[in-house]
Amino acid sequence: MTTQEINQKLLEIVKVYLPQDVTESSIKPESHLMQDLGINSAHLVDIVLDVEDTFDIMLDENDMQQMQRVEDATTVIQNKL
Amino acid sequence: MSKDRRVVITGLGVVAPNAITMHDFHKALLTGTSGLKHQKELEELQFKCQVAGKPQLTQEIIDQHFTALQQRGLLATGLMYGVISAKQAFENSGIDFKNKSYHEDIGVVFGTGQSGGDKFREAIHHIDDNDVRRLGSTSVIQTMSSGVSAWISGELGLGNWVTTNSSACSTGTEALLMGYDRIKSGKARGMLVGSCSDSGPYIWGGFDAMRILPTKYNDKPEMASRPFSHDACGFVPGSGAGCLVLETLESALSRKATIYAEVKGGHLNSGGQTNGGSMTAPNGLAVQACIKTALIESKIDSSQIDVINGHITATSKDGFEVKNWSAALNRSGKDFPFINSFKSTIGHCLAASGSIELVGSTLQLHHQVVYPNINISQLHPEIVSVIDKEKVPLKPIKTKIHSLAKASFGFGDVNACAILSTFKP
C-alpha cells in the first residue's frame, strides 16, 4: 500500500472524530491529533480500533503512544503492514 | 431567595410508543391511539408476553439529535429517548436553544432504572472474549446510570445540578419533585426533569419471568393493556422518555414563555414493605399518606382535584389503587374526580412512565381536557364498588380542571405524588 493510499484511508477514519468547528481540510500530515485537530482524548482509543479494523493490524501500547500526529500514524501503520 | 417562589412548566418533550412529539402525543391520547405492538424479537426469544411499547424512531429523527460520531456504537436506547425528549423540551421552552450558551442557573434531574442494557451486553461479550480493549470509549458513558443526564447537560450547556435518580417506576415523578424542590429552595432558576427507559428483551425479560405480563394478546397487541377493566391481567412493558422544563414563575414571565401548568408540590414516601407492602406490592396506608401529604404540601384541598392520572398498570391491583385514592381524598361515587391511565395505549414505560405520563397530564391541563381510557370491557367490580363509572371516562371530556394529581408507585414499595394546577397569574 502506498503512503498516499494509507493517508487517504487514515483521513477517512480521522475525519469522523473532528469537532464540529474543525473541517476535513485541516487534516495535514503534520497535524497533531489532539492539539491541532481538537480530537477528544477519549476518541484516540476509537481511532486506534478503527485503524486496526481498516488495515487488519494489531497496535500495542507503544504504537498508540507514538501516534501523536497524522504522519506518526502513517509510519506506525507502514511498519505493521 | 424567596421560599414563596412559584414553579411552572414551560417546556415539554416526549418520546413515547405512540408519539414522538408533544403535539402528536396530545392527538394520540385524545383519540386513544395505541403504540403497543407485537414484537418479533420477543417471539423469537420465546417470551410469554410478546407485546410491548417501543417508540418508532426514524433515522431522520435520530440524525436531527445525534451527530454521525455520536451515533457510532450507540446502543443505549433509553439514553437516546432521554436526550431527544430533553432537546425537544428545551427547544419548546424557548430558552436560548440555538446559541448553546452556558446556563449556570439551569440543571437537570433525569432518572432511569438502568442504562444501555444492549451496550452492557456487548461489553460483556468483549470482556469474556479477553478483548476488553474493544470496548472503545463509548461503553462507560452509555452504561453509567447518569449517562443520560450528563449527555443532556453537555448538549444544552446546563450548569446547575446535573444528576440521575432511580426509584423504579416512580422515577419520573420523583425527578419532577426533585427539580421542583431545587427551584423552590432558590438554588436554581430552571430544571429539566424527566426519565427514560430502554427498549428490548434485556430490560423486559425479568418481568416476563415474574409472570406479571399479559400472555393472551400476542395476536391482538392493542388490546393487551387493560387498566381498570375486570379482565386486566398484567402490564404491557413499554419504553421511552418524557421531559419537562420547570422554572420560576418570575423567569417564565420575564421571557414571556408559554406556561403549560403550575407545579404546586408533592410528596415522596415508602411503605417500608410493612402492613401488606412488599418488594412488589404497596402498603396502602403509605400510598394514602403520600397523596394526603402531597395535597398539604401543595396547599390544595382534595375538593380542588378534578383529575387523577393514576399509576394504574392494568393488574389485579388497580382496584386497590382506586380505593387508596378514594380514602386519601375522602371522595367516592359521583363526587370522585375523573381518573385515567395512559398505560392502555403506551403500556407501562417503567422508569420512564412517570415523566411520560406527567407530560400527558400537563397537556390535559393545557388543553383542559381529560383523555379517555381504552380497553375497558367492563370496570373491575372493586372499582365500581367505590366510584361512579362515569368517573373513568371512555371518551375525551372537555372540562374545567383546577388541579390534577399524578401518582407513580414502584418496586420497593416507593410512592410519589405530584400536584399540578392550571396556571392562574
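1. In chain B, the C-alpha centres of domain 1 and domain 2 lie 21 Å apart. Domain 1 covers 7–261 and domain 2 covers 267–421, with bounds from an automatic or database domain assignment.

2. The contact between them takes 60 residues from domain 1 of chain B and 58 residues from domain 2 of chain B; residues are in contact if their C-beta atoms, placed from the backbone, lie within 7 Å. On the domain 1 side, helix 9 (171–184) of chain B is among the elements that each supply at least two residues, and the largest share, seven residues, is from this helix. Helices are DSSP runs of H or I with at least four residues, strands runs of E with at least two, numbered from the N terminus.

3. Now to chain A. Helix 2 (residues 41–55) has 15 residues and reaches 22 Å from first C-alpha to last, close to the 21 Å expected (1.5 Å times one less than its number of residues). Just after helix 2 of chain A, Asp56(A) has a positive phi of about 55°.

4. Which residues of helix 2 of chain A are buried? They are His43(A), Asp46(A), Ile47(A), Asp50(A) and Val51(A); buried means 20 or more other C-beta atoms within 10 Å of the residue's own, with C-beta atoms placed from the backbone. Viewed down the axis of helix 2 of chain A, they fall within an arc of 145°, so they line one face; the arc is that of the directions from the helix axis to the C-beta atoms. Their cover includes helix 1 (3–15) and helix 4 (70–80) of chain A.

5. On conventions: this is a predicted model, where local features need pLDDT of at least 70, side-chain atom pairs count only at pLDDT 80 or more, and totals for chains, interfaces and linings use all residues. Residues are numbered from 1 along each chain as its sequence is written, while chains are lettered from A and ligands numbered from 1 in the order in which they are written.

Definitions and conventions:
Buried ≥ 20, exposed ≤ 12 C-beta atoms within 10 Å, placed from the backbone. Contact = placed C-beta atoms within 7 Å.
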